[in-house]
Amino acid sequence: MTDTTANADANPDTVADPTADPRKLVVLDMAGTTVADGGLVERAFERAAERLGVTPGTPDHEEKLRYVRDTMGESKISVFRHLFGSEESAQRANAAFEEAYGDLVDGGLVAPLPGAREAIEELRADGRTVVLTTGFARVTQDAILDALGWRDLADLTLCPADAGGRGRPYPDMVLAAFLRTGAVADVADIVVAGDTAYDMLSGRRAGAGLVAGVLTGAHDRSALAGHGATHVLGSVAELPAVLAAARPAHRAEPA
């Protein structure tokens, strides 16, 4: 995996090619956007909740599971802080969740979404920097990458801990991608894609110019559009063609 950085010695007087597409940083969500996990989040949550005394089939269990569904895309530790109150309980729940999810991943229950790998490869071949992000902890993200053989697929991978601890809907991971890669000069040139309302909020709050919702995961078209999607796509496989067809107008650089 290559951590791409900007050339700090670039000549500021260089005149940019007016036909070039400046949108060279693409930040992609994982589960539901590039990765199909077959509802593993809910299954792992149920295992974790049971360890903390939440009995399956009870109203308390159903209420908590509904909240997990409603907050798909949010950092999981934030979800558990809301559900279990104390930091100790939240950390216990999160650890149990990550362990359960990891076991399910090791069992071969994750797969690339159709066309996702090819889309990432096409984006990079077109000179774009691709960053994969997740609301999971690093250990779980790495387990998914290893299961798929994706360790070297993207230029950079980020989890909430890599961005100061805050996941979506905060803009931190998108901005961390912007700062760590140096791939673009303006946040307006960032492209964000995800399957949840929180992905859309995160992208818009970061100032991304193109925020694409995909219909392969948790939320539907109205939820994605209602939370700031500039585009709604059938899947991430459509993204390279969208970027190729929607070349932005050249912005004049300051003298």
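1. Let me start with the rings. Rings of Phe, Tyr and Trp (its six-membered ring) count as a pair if their centres lie within 6.5 Å; planes under 30 degrees apart are stacked, over 60 edge-to-face, and the rest tilted. By this rule there are six aromatic pairs. One aromatic cluster is formed by Phe45, Phe80, Phe84, Phe97, Tyr101 and Phe136.

2. A word on the source. You are looking at a predicted model, in which local features need pLDDT of at least 70 and side-chain atom pairs count only at pLDDT 80 or more, while totals for chains, interfaces and linings use all residues. Residues are numbered from 1 along each chain as its sequence is written, and side-chain values use heavy atoms, with hydrogens and water left out.

3. Two rings also carry a charge over the face (NZ of Lys or CZ of Arg within 6 Å of the ring centre and within 35 degrees of the ring normal). Phe84, a member of the aromatic cluster, has the charged end of Lys64 over its ring, 5.6 Å from the centre. Arg166 lies over the face of Tyr170, at 3.9 Å from the ring centre.

4. Arg166 meets Asp172 in one of them, at 3.0 Å from N to O. Salt bridges with shared partners also join Arg138, Asp142, Asp146, Arg151 and Asp162 into one network.

5. How exposed are the partners? I use buried for under 20% relative accessible area, exposed for over 50% and partly exposed in between (1.4 Å probe, protein chains only). Arg166 is partly exposed at 40%, whereas Asp172 is buried at 16%. In the bridge between Arg23 and Asp21, the closest N and O atoms are 3.3 Å apart. Arg23 counts as buried because its relative accessibility is 9%, and Asp21 is buried too, at 5%.

6. Do look at Arg124 and Asp155, whose closest N and O atoms are 3.1 Å apart in a salt bridge. This pair links distant parts of the chain, 31 residues apart: Arg124 is in helix α5 (116-125), and Asp155 is in the loop between α6 (138-148) and β5 (156-158). Helices (H or I, at least four residues) and strands (E, at least two) are DSSP runs, numbered from the N terminus. Arg124 is partly exposed at 28%, while Asp155 is buried at 7%.

7. On a 1 Å grid over the protein atoms alone, a cavity is a set of points where a 1.4 Å probe fits but cannot get out, a pocket is an open set with protein on both sides within 12 Å along at least five of seven lines, and lining residues have an atom within 4 Å of a point. The structure holds one cavity of 30 Å³ or more, and the largest cavity has about 60 Å³ of space. Its lining includes Val27, Leu28 and Asp29, and β1 gives the most, with three residues.

8. Finally, the second largest pocket has a volume of about 380 Å³, taken as the space filled by probe spheres set on grid points joined across faces, edges and corners. Of its 25 lining residues, Asp37, Val41, Met72, Asp195 and Ala218 lie nearest the centre. Here α1 gives the most to the lining, with three residues.

How values were computed. A salt bridge is a side-chain nitrogen of Lys or Arg within 4 Å of a carboxyl oxygen of Asp or Glu.
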